[in-house]
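Here is a friendly walk through a chain whose sequence and coordinates you can follow as you read. Please keep the viewer open beside the text.

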Amino acid sequence: MKELPIIDSFGRIHTNLRISVTDRCNIRCVYCMPSENVTFRPKHELLRFEEITRLTRIAASMGVNKLRITGGEPLVRAGLSELISQLSSIDGIQDIALTTNGMLLAEQAESLKAAGLRRLNVSLDGLSDEIFFLISRRRGVQRIIDGILRAQQVGFGKIRLNSVIIPGVNDGEIIGLAQFARNHGLELRFIEFMPLNSTGHWEMDQVITGATIRGIVEKSIATLKPVLEADPHQPARDYDYEDGGGRVGFVDSVSEPFCSGCNRLRVTAEGQLRNCLFSDDGWDARALLRNPSSTDDEIRTLIRDCIHAKRAGHGINSFEFVKPQRAMHEIGG
């Protein structure tokens, strides 16, 4: 029998599960984690593939139909294509996407595609090695570009670039990134800098708004027109270039929150359910998944409890907002 959908107290139906498979990463982006001396969770604390698959199967029985695999950097988790294969076989799952920094993508693109992965989001915050180093504190932007090209070769038709723009750091890359995406048939999403950085010293004046970036793109490249048929639950506001040169989106989490349409539930790498990226509350799914006597119904109840506690919005622009204690790599993007 089909379970009732996952609905919060504001009437939002949740159909999207974001699964973090690791808190580890092979770069050190300033908006995500410290540069050195990062303490990662012991591997035995991370959810095993069979535990992730069981949790997803239960969520799918409650109406979840879209998955996104995140980290940390998910491609550092050994055997990830095996997990993708398990998840893609679950009844009700219609779409599986993955967010990656792309450093290991060239080596894994073919196996991921064969396993059932449908879409890729690749983080790319600059095209020059110098700017890339300022953001990631590591070298290797060409490896990311090679990974994107390889993914296209093996058949990924839907590849999206994610670019976090920070004033005075990589705002000079806006036009270059937009042109790169247009030239290679990629969608591009500009993401506002959010208060999830590793130092905790985020302030509003570090945010270059999506509206500002949109103005730069229109002035330098081409006029943009809103995509009217866009998914109302997605975090981005999408625009098409009027000259037919592709699509660009803007994730304006800070300046124009999209919380009213949020349909996302998250599970951290160690098995904590979270109902918002900016919440410090967690519901321990791992404890139930590792208890031999726990039933699927108990896990369903945990999922419902988590979503029922979801607030109307993250409240970044309110005086009540409290910055999360955990950095992005510990939560799952």
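Does R137 count as buried, partly exposed or exposed? With a relative accessibility of 21%, R137 counts as partly exposed; here buried means under 20% relative accessible area, exposed over 50%, and partly exposed in between, using a 1.4 Å probe and protein chains only.

Before going further, a word on the source: this is a predicted model, in which local features need pLDDT of at least 70 and side-chain atom pairs count only at pLDDT 80 or more, while totals for chains, interfaces and linings use all residues. Residues are numbered from 1 along each chain as its sequence is written, and side-chain values use heavy atoms, with hydrogens and water left out.

**The chain as a whole**

The protein chain holds ten helices and 14 strands. Helices (H or I, at least four residues) and strands (E, at least two) are DSSP runs, numbered from the N terminus. Of its 333 residues, 53% count as buried. Among contacts in the chain with a separation of 6 or more, 73% are between residues 24 or more positions apart, where contact means heavy atoms within 4.5 Å.

**Two backbone details**

R137 sits in the loop between α4 (129-136) and α5 (141-153). Its phi is near 60°, a positive value in a residue other than glycine. The other detail is a cis peptide bond that joins G71 and G72, with omega about 20°. G72 belongs to the loop between β4 (66-70) and α2. As background, most residues other than glycine have a negative phi, and most peptide bonds are trans.

**Helix α2 and its partners**

Helix α2 (residues 80-88) packs with helix α3 (residues 105-115) at an angle of about 15°, their axes 8 Å apart. Axes here are lines fitted to C-alpha atoms, for helices over the stretch in contact, and angles run from 0 to 180 degrees between N-to-C directions. That angle makes α2 roughly parallel to α3, given that angles under 35 degrees count as roughly parallel, over 145 as roughly antiparallel, 65 to 115 as roughly perpendicular and the rest as oblique. The crossing of α2 and α3 is right-handed, a term used if the near helix is turned clockwise from the far one by less than a right angle, with left-handed for anticlockwise. On the α2 side the contact is made by L80, S81, I84, S85 and S88, and on the α3 side by S111, L112 and A115. These residues divide into four nonpolar, four polar and no charged. In this grouping Ala, Val, Leu, Ile, Met, Phe, Trp, Tyr, Cys and Pro count as nonpolar, Asp, Glu, Lys and Arg as charged, and the others, Gly among them, as polar.

What of α1 (residues 49-61)? The axes of α1 and α2 come within 10 Å and cross at roughly 25°. The two helices are therefore roughly parallel to each other, and their crossing is right-handed. F49, E50, I52, T53 and T56 of α1 meet L80, E82, L83, Q86 and L87 of α2. The residues of this contact divide into five nonpolar, three polar and two charged.

Which residues of helix α7 (residues 210-220) are buried? They are G210, I213, R214 and V217. Seen down the axis of α7, these buried residues fall within an arc of 100°, so they line one face of the helix; the arc is that of the directions from the helix axis to the C-beta atoms. They pack against β7 (159-165), α6 (174-183), β8 (187-192), β9 (224-226), β10 (237-241) and β11 (247-251).

F190 lies in strand β8 and is buried, with a relative accessible area of 1%. Not counting residues up to four places away in sequence, F190 touches S163, I165, I174, L177, I213, V217, V248, G249, F250 and V251.

L302 is found in helix α9 (residues 296-308), and its relative accessible area of 14% makes it buried. Leaving aside neighbours within four places in sequence, L302 is in contact with L273, W283, D284, A285 and L288. C276 lies in the loop between β13 (272-274) and β14 (283-284) and counts as buried at 16% relative accessibility.

| Pair | Apart in sequence | C-alpha to C-alpha |
|---|---|---|
| F190 and A236 | 46 residues | 8.8 Å |
| L302 and D284 | 18 residues | 8.1 Å |
| C276 and N263 | 13 residues | 10.0 Å |
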